[in-house]
Amino acid sequence: MQGIYNVLVKLSGVVLKSAGKFSPKLKDFTEGRKDLFSNLENKIDPNYDHFWIHAASLGEFEMAVPVLKMLKDKYPDTRTVVSFFSPSGFKNKKKHDLVDLFTYLPLDTTENAERFLDIIQPKMAFFIKYDFWPNLLNELRNREIRTFLVSGVFRRDQAFFKSYGKWMRESLKAFEHFFVQNKDSKELLNNNGFNNVTVSGDTRFDRVAAQLETDNRIDFIEEFKNDKMLVVCGSTWPEDEYLIVNFINSSVKIKFIIAPHEIKESKINKLEEKLNLPTVKYSEKEGKDLSSSSVLILDTIGLLGRAYSYADIAYVGGAAGTTGLHNILEPATFGIPIIIGENFSKFPEAKKLRSLAGLFSVKNSEEFSAIMTKLYTNSDFREKTGMIAGHFISSNTGATRSLEEYL
């Protein structure tokens, strides 16, 4: 089976090059890897020790941030290399204070695995959540490089645990220790002979909890809010706008910040056309009396996390359609009620917070208006719900600490 896998990986490299002519994403995938090894050789300084952290994409990188901070604090003289598999990860994170070098991960051939590790020569390797590559793992094991899985999640339907997946399961022996998110993952590994497992939780909770310790002040949001109730609608799509716009247009006593997921001018203009209340865009805020506007559209990136700190209620987008629910942990850390759409079955943190009554799911604009009205008019209900959300975050931190104590 491993021989078939190796043939398929090599064939995929050829196919992807051809497919790149028809798909911009696949073109980025192949073009970004064209000079991968020469770039690494030019940028890796052999006079330093290196840690290698692999994140499949942006979401996993956010999970890696607390680990990166811990490693920098604990080993200040060691440099960090972060690899991405997806172009969206690599293209959007080319610089970070905690990272010395970003790179694509090469295709998982035996030759690529050997060359990649020959260049980096990591003292330790950390895989975030998943994205396991057998040849790379086997080479890490052969070289006896200390390798860890952080915030891992395993499911019974993965190839590792199928009758034909024994050779892939063998590659998991590269991990010195598995730090997993839940008991099901631990039991699954234990039942397959892996006892080097700790249920440590999800580092995303550590990531968002750290937001409370930073300076979240944004002057123009303070001016806009003007001591009124504020609802922050984060990472919204057109399907989310369908749920929220009617209530926004009827709510003259509430302020709203909308941070669309896509900030293309045409989409922002369509959103503005739906709004009847005085609206201002971030890009056009200079010289405006922000306090006189009811809606602020954040047609920029990088401010949503801090904007949640000013919110009394949050709506998190993505679940009204099929694009996938966005980050509910960011607003939850500030202890505010959260509303989402109905398609969240694949997001365990949302399911858990809903079961605790710290989050509400709505199917249509009528349901959104009903829960918003209750939260607006009943301060005790609003505060209690927010406390549940905040406690949900604080009670689930500590995943990074588990890894640090082990090291």
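What follows is a short chat about a sheet and a pocket.

Tutor: Ground rules: this is a predicted model, where local features need pLDDT of at least 70, side-chain atom pairs count only at pLDDT 80 or more, and totals for chains, interfaces and linings use all residues. Residues are numbered from 1 along each chain as its sequence is written, and side-chain values use heavy atoms, leaving out hydrogens and water.

Student: Which strands stand at the edges of the sheet?
Tutor: Strands here are DSSP E runs of at least two residues, and helices are H or I runs of at least four, numbered from the N terminus. Two strands pair if DSSP finds at least two bridges between them. The open sheet has seven strands with parallel pairing, ordered β10-β11-β9-β8-β12-β13-β14. One side of each edge strand lacks a neighbour because it has a single partner, and these strands are β10 (279-281) and β14 (359-361).

Student: What angle does helix α17 make with β13?
Tutor: Angles run from 0 to 180 degrees between N-to-C directions, with axes fitted to C-alpha atoms, for helices over the stretch in contact; contact means heavy atoms within 4.5 Å. Helix α17 (residues 365-377) packs on the sheet, and its direction relative to that of β13 is about 175°.

Student: Which residue in β11 does Ile 258 stand opposite?
Tutor: β9 (residues 254-260) and β11 (residues 295-297) run parallel, joined by three bridges. In β11, the residue opposite Ile 258 is Ile 297.

Student: Which element gives the most to the lining of the second largest pocket?
Tutor: Elements giving two or more residues include α10 (203-209) and α19 (399-406). The top contributor, with six residues, is α4.
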